[in-house]
Amino acid sequence: MIAKPAEQTPLIADRAVDLLLRAGIPAAALQLIPGDGAIGRMLVEDPGIGGVLFTGSSAVAREIDGCLAGRTGPAEGPFLVAETGGVNALVVDSSSLPEQVVRDVLAAGFDSAGQRCSALRLLCLQEEIAETTLELLQAAMAELRVGDPADFATDLGPLIDAQARDAVEKHLEAMARAGHGIFRSPKSAPAASDDCTGAAAGLMCAPALVESERIEDIPGEIFGPVVHVLRFPADHMGELAERINGMGYGLTFGIHSRIDETVVALAGTVRAG
């Protein structure tokens, strides 16, 4: 196994490999090769590589797939297992318990500053409970603290690099220009990064809710602390599920409902996992 981490994370990858080696994995069976995308491409193109396990964007996964498909070798060829995330949705109907919904949205959308392939990206609220749920959610978001992860009082740390931060901010600016309502708590604004020193201080990103009337307005996975909110009428649940499917693969899917039939219908329709 050759471990090739993202170019932004060589230190934590080195630590992980070191722990595995100290736990008894033979050094001949596990090697670490840090570097940028060029190093990754070199590995993928090497005929000695029998398979690739990849976590990252769909675009890069397609590049790896094409590269492996073009290689000569055994009849079965090299394999690819790619985990690429997606626009993960949570559907909430009027039978749900708002406090539980808020708790789960905070964890699913904003833990790790939204930097997880499994993070919540699309919150679908039934119209009858949308306003109340959003009021509770916004109040809870106002208590979140953005700052140094070494401080136990911190809820959200920095994004991984300036490119990631800029991508989130540009998305929010574009959605605002298009007329979408955006909520960002003043308490958790980037100014809270005064607690953080060095390069990380400029990478803080306040968590955001973005209201949208159509799923199609969401351009794809936004890798950061951003949750898009869509209100839907109760009798459009089936159509909603199909529109979620229309966005493409979702790694995770959540349901908040106390109606068994709703849970079974949604879980059986939405393609995720």
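Of the 273 residues in the protein, 38% are buried (under 20% relative accessible area with a 1.4 Å probe and protein chains only; exposed is over 50%, partly exposed in between). The model is a predicted one, where local features need pLDDT of at least 70 and side-chain atom pairs count only at pLDDT 80 or more, while totals for chains, interfaces and linings use all residues. Residues are numbered from 1 along each chain as its sequence is written, and side-chain values use heavy atoms, with hydrogens and water left out.

Overall, there are eight helices and ten strands (DSSP runs numbered from the N terminus: H or I of at least four residues for helices, E of at least two for strands). Along the principal axes, the C-alpha atoms fill a box of roughly 60 × 50 × 40 Å.

As for helix packing, helix 4 (residues 98–110) sits against helix 5 (residues 127–141) at an angle of about 50 degrees, the axes being 9 Å apart. So helix 4 is oblique to helix 5 (angles under 35 degrees count as roughly parallel, over 145 as roughly antiparallel, 65 to 115 as roughly perpendicular, and the rest as oblique).

M1 comes in the segment before strand 1 (2–3) and counts as exposed because its relative accessibility is 63%.

P78 is found in the loop between helix 3 (58–69) and strand 4 (79–83). With a relative accessible area of 21%, P78 is partly exposed. Its C-alpha is 9.5 Å from that of V44, although P78 and V44 are 34 residues apart in sequence.

Definitions and conventions:
Axes are lines fitted to C-alpha atoms, for helices over the stretch in contact, and angles run from 0 to 180 degrees between N-to-C directions.
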